[in-house]
Amino acid sequence: MELIYLDASVLLSLLIADAHTASASAWYSGLRAAVVVSDLANLEVSAVASRHLRVGRLTRQQVDGALLDFDALRAGCERLTHSAADFQLGERLARDFPTNLAAADALHLASAKNAGATLATFDGRLAEAARGQGVEVVRFESD
């Protein structure tokens, strides 16, 4: 069965309305693959939800609802705990200067690659780097 690694950009679009929510929701509702959510994605989703509350974009009730939805979504997914090999590959990817990857994106890509998973992301730079590493990337309707 195909394995899909969801990065935080996709998870957040599934949880908090943005420009990609319709595309992400339509894709996710028809998904027939094993889904992986990493520890890093867990942290990023929580941090972004918290930031939305701090800056007043969302109310406490909306953030609590989004995090409850996230907990329910994660319950149906496989959990990926990052390995030393993920961090080592992530470091090599971050040192590949033309990819211009931030640390978190390098770790997402490394983890997806090491897991043999297809990467689901709305981040164009990350998608391009993934393709350059031979990692399949989900194509969304809005792409």
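Q: Where is asparagine 100 found in this model?
A: The model is predicted. Asparagine 100 sits in the loop between α5 and α6.

Q: What is the phi of asparagine 100?
A: Most residues other than glycine have a negative phi. Asparagine 100 is not a glycine, yet its phi is positive, at about 55 degrees.

Q: At what angle do helix α5 and helix α6 pack?
A: Helix α5 covers residues 84–94 and helix α6 covers residues 103–115. They pack at an angle of about 125 degrees, and their axes are 8 Å apart.

Q: Which word describes the orientation of α5 and α6 to each other?
A: Angles from 65 to 115 degrees count as roughly perpendicular, and those over 145 as roughly antiparallel. The angle here is about 125 degrees, so α5 and α6 are oblique to each other.

Q: Is the crossing of α5 and α6 left-handed or right-handed?
A: The crossing of α5 and α6 is right-handed.

Q: Which residues of α5 meet α6?
A: From α5 come Ala85, Asp86, Phe87, Leu89, Gly90, Leu93 and Ala94. On the α6 side they meet Ala106, Leu107, Leu109, Ala110, Ser111, Lys113 and Asn114. Sorted by class, the contact of α5 with α6 has nine nonpolar, three polar and two charged residues.

Q: Where is aspartate 7 found, and is it buried or exposed?
A: Aspartate 7 is in the loop between β1 (3–6) and α1 (8–15). Buried means under 20% relative accessible area. Aspartate 7 has a relative accessible area of 2%, so it is buried.

Q: Which residues is aspartate 7 in contact with, leaving aside neighbours within four places in sequence?
A: With those neighbours left aside, aspartate 7 is in contact with His108, Leu119, Ala120, Thr121, Phe122 and Leu126. The C-alpha atoms of aspartate 7 and alanine 112 are separated by 9.3 Å, although these residues are 105 residues apart along the chain.

Q: With which side chain does the side chain of aspartate 7 make a polar contact?
A: The partner is the side chain of serine 9, at 2.6 Å.

Q: Is threonine 21 buried or exposed?
A: Threonine 21 lies in helix α2 (residues 21–29). The cut-off for buried is under 20%; threonine 21 has a relative accessible area of 18% and is therefore buried. Leaving aside neighbours within four places in sequence, threonine 21 is in contact with Ser13 and Ile16.

How values were computed
Residues numbered from 1 in each chain as written. Predicted model: local features only at pLDDT ≥ 70, side-chain atom pairs only at ≥ 80, totals over all residues. Heavy atoms only, no water. Axes fitted to C-alpha atoms, helices over the stretch in contact; angles between N-to-C directions. Helix = DSSP H or I, 4+ residues; strand = E, 2+ residues; numbered from the N terminus. Parallel < 35°, antiparallel > 145°, perpendicular 65-115°, else oblique. Left-handed = near helix turned anticlockwise from the far one by under 90°. Contact = heavy atoms within 4.5 Å. Nonpolar A, V, L, I, M, F, W, Y, C, P; charged D, E, K, R; others polar. Buried < 20%, exposed > 50% of the residue type's maximum accessible area, 1.4 Å probe, protein only. Polar contact = N/O pair within 3.5 Å; in protein donor to acceptor, adjacent residues only side chain to side chain.
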